[in-house]
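Please examine the model below and follow the explanation that accompanies it.

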Amino acid sequence: RIAVTVDGRPVSVPPGSTVLDAVRQAGVDVPTLCSHPDLLIRGSCRLCVVSVDGKPGLVASCETPVHDGMTVRTFGADIQEARRVSLELLLARHPMECPICERSGHCELQAVAQRLGVRAARFTPMLLPAVADRTSPSIVREPARCILCRRCVEVCMDVQSVAALFPAGRGYQTHIGTFMESGLAQVACALCGQCLLACPTGAIHEVDHTERVWQAIADPERHVVVQTAPAIRVSLAEAFGAAPGEITTGKMVAALRRLGFDEVFDTNFAADLTILEEGHEFIGRLLSPGQSPLPMITSCSPGWIKFIEHFYPQLLGHLSSCKSPHEMLGALVKTYYAEKREMDPARLSVVSVMPCTAKKFEAERPEMGRDGMRDVDAVLTTRELARMIREAGIDFASLPEEDFDEPLGLSTGAAALFGATGGVMEAALRTVYAVVTGKEAPPLEFAAVRGIDGLREAEIRINGQAVRVAVAHGLGNARVLLDQIAEGKSPYQFIEVMACPGGCIGGGGQPIPSTKEIRGRRIRAIHAVDESKALRRSHENPALQQLYREYLGEPGSERAHHLLHTHYTP
Ligand code: HC1
């Protein structure tokens, strides 16, 4: 280990550490705007400057390697002034719109300005004449608010392998650009929102659907149904100060009722439904090879769908034909539920609360809906729902626990798993194994598909036949599996892909921060939800069995195909 002295205190750090690592090891919190626990980006903001070995001049601690015997000074008038100048230069090109900014109160730039005691901007404002990009249905970019930290560039390029964003221009004109300076809607962007999670300011945020939801709730003619994704119940409380991984399903339902939604349903019900439809489809593909290509790949993550459409359109036939669960639930609300309640579907609004920015795009896709009617009318991110709860003055922590409404609110533990990487695969294996073998006590937990490695694989023996499966989360990891398929070398029959690291619990609509450590806690909570359920296999869901009896017939029936399946074409 390397011995370093920080402000007179000895610490030891592993070889390869930076001065910033050593400083943190010494318990000193130097300010920084470009450093991020999951990313490698270094040296952009210059706020973490320190003095090293008593030399004149300051260095950025995040990009300076330690050496044995190094002495570091982290504070003093020279360091204080250097940090303030760097910050004030950033503020000189940053619009002072804090009261109306989405990130106000959670903005790292705002927090650092407060911390460094900067009360006035010393330098003449030189705002970039940048126009907000509102072309995409999911994400808004406001380049004027950008502080050029480059975190978005790293996550887009290195983690997601999308490279929709990159540094462009020089000097004062430097900015984060897109291909030919086009809008996000015109470039190959997956709309996963990982850039948004990485952004320290409000330069990237979601397209706001709260206003259209308030209007629907306020309209006495409309019957507004809300549904919540598996990941919301393990992350919403973070927006109200709770520790990551707290499960607040009942409070979430209570909050939605108090906001004025007429019916509170659970996307998890439709996750169970997806397992029956997708499991049936998979068994069909296994038994009749040649009709539809193997491996079959899951299709519930809309950022992933957009990625394959942009980069591997020739492989679209590998996608399951299942719509994603919240679209399935939307389709059922406007048909099955409307008929049951003898309601005109045109009076119904379906709102999905999702951890995902790409779901806003998905809801507007022409494939989702029929007869001029959308399956889903608005998509709120977890953060938007938290904003609505705050605006309504609801004290989230003191809410009672309430249950989802019937019949589309009942779900099994398998459905809960959808929120975490590997979960769709595990849920599918539970049902496929049970259906194919007919065994009374089929295995429940398939540990081989759990975990956090970006790529995982397993071989499951079902009735003597080996089924090889793989799981990828994060689009860079998905690319590895797609390249194998494109080269004709994929050994798998079934693949789960989720666009976001960690799966949906790491979606671009989740509370910020959303680091690897926080994602781990949310995943553990997802598994706890599964374990808490009396029923843990999708096909055991009695409300689902009733739906098939009363309305859909069998998995894969004509009506099921009409409402619950789709096709993506190049
Ligand atoms: Fe997901 Fe899904 S699990 S896509 O990851 O299949 O967003 O949470 O809602 O629809 O069920 C997201 C989560 C979510 C759908 C389900």
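In this predicted model, Ser 51 stands opposite Arg 73, a residue of strand E5. The two strands concerned are E3 and E5, the latter spanning residues 70-73, and they pair in the antiparallel sense over two bridges. Strand E3, residues 49-52, also pairs with strand E4, residues 59-60, again in the antiparallel sense and over two bridges.

The domain assignment divides the chain into domain 1 (2-75), domain 2 (124-206) and domain 3 (211-564). Between the C-alpha centres of domain 2 and domain 3 the distance is 28 Å. The contact between these two domains involves 16 residues of domain 2 and 24 residues of domain 3. On the side of domain 2 that touches domain 3, the largest share comes from helix H5 (residues 194-198), which supplies three residues. By class, that side of domain 2 comprises 10 nonpolar residues, five polar residues and one charged residue.

Attention now turns to the ligand. There are 21 residues around the ligand, and those that come nearest are Ala 229, Ala 231, Cys 300, Cys 356 and Cys 504. Two elements give two or more residues to this shell, namely helix H8 (267-287) and helix H10 (325-340). Of the elements, H8 gives the most, with three residues. In terms of residue class, the shell around the ligand contains 12 nonpolar residues, eight polar residues and one charged residue.

Is Leu 429 buried or exposed? Leu 429 is buried, because 27 other C-beta atoms lie within 10 Å, and the cut-off for a buried residue is 20 or more. When residues up to four places away in sequence are not counted, Leu 429 touches Phe 446 and Ile 460. A separate distance relates Leu 429 to Ile 518: the two are 89 residues apart in sequence, and their C-alpha atoms are 27 Å apart in space.

Key. Residues are numbered from 1 along each chain as its sequence is written. This is a predicted model: local features need pLDDT of at least 70, side-chain atom pairs count only at pLDDT 80 or more; totals for chains, interfaces and linings use all residues. A residue is near a molecule or strand if its C-beta atom, placed from the backbone, lies within 6 Å of it. Helices (H or I, at least four residues) and strands (E, at least two) are DSSP runs, numbered from the N terminus. Ala, Val, Leu, Ile, Met, Phe, Trp, Tyr, Cys and Pro count as nonpolar, Asp, Glu, Lys and Arg as charged, and the others, Gly among them, as polar. A residue is buried if 20 or more other C-beta atoms lie within 10 Å of its own, exposed if 12 or fewer, and partly exposed in between; C-beta atoms are placed from the backbone. Two residues are in contact if their C-beta atoms, placed from the backbone, lie within 7 Å. Domain bounds come from an automatic or database domain assignment. Two strands pair if DSSP finds at least two bridges between them.
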